[in-house]
Amino acid sequence: MIYITGLSISLFIAALLLKKKKKSRSDFILLGWILFIAIHLYFFYINFTGDIYKTPHLLGIHFPLPLFHGIFLYYYVLSVTHQFSKQKKLLLVHLIPIIVAYIYLSSFFMLSGQEKIAVFENKGKGYEMFLSVGLVLIYISGIVYMIFSSILLKKYKKNIHSQFSDIEEIDLSWLQFLIYGLGLIWGILIISNKDEYIFIGLSVFVILIGFFGIQQKNIFKKEYTVYKQQQKTNESKKKKYEKSGLTDDLANSSYILLMQLMKKEKCYKENDLSLNSLATKLEIHPNYLSEIINRKEEKSFYDFINDFRIEEFKTLLKNSKNQNYTLLSLAYECGFNSKSSFNRCFKKSTGKTPTQYLKSHRL
């Protein structure tokens, strides 16, 4: 029953994605993956029930299918994090093991229906080596693509900290869910190697995708709010700082202007302040500004801006005129966009929650 539920949910999610207007590349990749999961579940179901023997020409097609899941995950993460351009030409390379597997199986596909059934009934007689190597390849594929996808996500997290002063709207939980969910299925595969458990896991996985999709507005309604041009400027930082075009004189003079801008104009109060917008104010390249902050402050852009906001909050808190204002209203005045980002940054900076800090300074 759970397989039918998983198959139905897959088709339902696919229908939602098909109805979405102005679909992005990541939407198309997710759509393809969801449809593929539906096909994979269907093949397992007819194998599980024995109905596949009524259509023996379908026998064997499902063997290389597990190799697709890691590729779909990897390319989906690439697309959502705007790192797709460098990898799109390598798709054929990722498909080589699958292509080789189907070429090897071509001799099996040429057998008659009765001969195929006989091979299956004799536990793959004549193809034992293929089954053993294929299983190892599936293990390796799952592990490798989990690692690759995690590296992409980690790189993305680092990049947004170097580009934005507020990352609350950049929700990465969806990508983390996909990586951890598929990783769990691969763990079941490696530990138990029982098809029933694996496909129960896959069915639950796609059901959770449906539930998660309803809860997360970003999945079907909009892309993650990251500007591609800002991503591209960060990608160009390939050389070490000492080899860049930023001279010491330019770094020192720009740093002085930066600190004047922060202390006098208090531009950190702009809740949507980004590396690019601040670099424009200073009339320098965003890469140089990022380098200056890293050199002089040994901080990311995100931490640099939010530390100023925290200090401004402390200053406002000391002013008796602000006693009637809530902590959150003062935090918004300092440039924070949400309570959660304020609390997180404040605890990181002071080691205390805002409430604890207030109590300790009233004693």
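Me: In which helix does Ile 147 lie?

Reply: Ile 147 lies in helix 7. Helices here are DSSP runs of H or I with at least four residues, while strands are E runs of at least two, and both are numbered from the N terminus. Before going on: this is a predicted model, where local features need pLDDT of at least 70 and side-chain atom pairs count only at pLDDT 80 or more, though totals for chains, interfaces and linings use all residues. Residues are numbered from 1 along each chain as its sequence is written, and side-chain values use heavy atoms, with hydrogens and water left out.

Me: Is Ile 147 buried, exposed or partly exposed?

Reply: Buried means under 20% relative accessible area, exposed over 50%, and partly exposed in between, using a 1.4 Å probe and protein chains only. With a relative accessible area of 44%, Ile 147 is partly exposed.

Me: Which residues make the nonpolar surface patch?

Reply: For a patch, take residues with over 30% relative accessible area and no salt bridge, then join nonpolar side chains (Val, Leu, Ile, Met, Phe, Trp, Tyr) within 5 Å, or like charges within 9 Å. The areas are Shrake-Rupley values with a 1.4 Å probe, and for residues only the protein chains shown count as cover. Here Ile 143, Ile 147, Phe 148, Ile 151, Ile 190 and Ile 191 make a nonpolar patch of about 580 Å². Helix 7 (128-163) and helix 8 (173-191) are the elements that give two or more residues to this patch. Helix 7 has the largest share, with four residues.

Me: What else is found in helix 7?

Reply: Lys 155 is found there, and at 47% relative accessibility Lys 155 counts as partly exposed. The C-alpha atoms of Lys 155 and Thr 81 are 9.2 Å apart, although 74 residues separate the two along the chain.

Me: How many residues does helix 3 have, and what length is expected?

Reply: The expected span is 1.5 Å times one less than the number of residues. Helix 3 (residues 66-80) has 15 residues and reaches 22 Å from its first C-alpha to its last, close to the expected 21 Å. Of its 15 residues, 13 are buried, so helix 3 is largely enclosed by the rest of the structure. His 82 follows helix 3 and has a positive phi, near 60 degrees.

Me: How many salt bridges does a search of the whole structure find?

Reply: The rule wants a side-chain nitrogen of Lys or Arg within 4 Å of a carboxyl oxygen of Asp or Glu. The search finds eleven. One of them joins Lys 20 and Asp 27, with the closest N and O atoms 2.6 Å apart, and both of these residues are buried. Another pairs Glu 312 with Lys 266 at 3.5 Å, N to O. Because Glu 312 lies in helix 15 (residues 301-318) and Lys 266 in the loop between helix 12 (248-265) and helix 13 (275-282), this pair ties together parts 46 residues apart in sequence. Glu 312 counts as buried at 7% relative accessibility, whereas Lys 266 is partly exposed at 30%. Lys 266, Lys 269, Glu 312 and Glu 333 are linked in a network of salt bridges.

Me: How many residues apart are Lys 314 and Glu 311 in helix 15?

Reply: An α-helix has 3.6 residues a turn, so residues three or four places apart point the same way. Lys 314 and Glu 311 are three residues apart in helix 15, about one turn, and their side chains meet in a salt bridge (3.3 Å, N to O). Lys 314 is buried, at 15% relative accessible area, while Glu 311 counts as partly exposed at 42%.

Me: What about phi of Glu 283?

Reply: Glu 283 is not a glycine, yet its phi is positive, near 60 degrees. Its place is in the loop between helix 13 and helix 14 (286-297), and Glu 283 is exposed, with a relative accessible area of 73%. Lys 266 also has a positive phi, about 50 degrees, without being a glycine.

Me: What does the count of disulfides come to?

Reply: The test is a pair of cysteine sulfur atoms within 2.5 Å, and the count comes to zero. Cys 334 is buried at 0% relative accessible area, and Cys 345 counts as buried at 9%.
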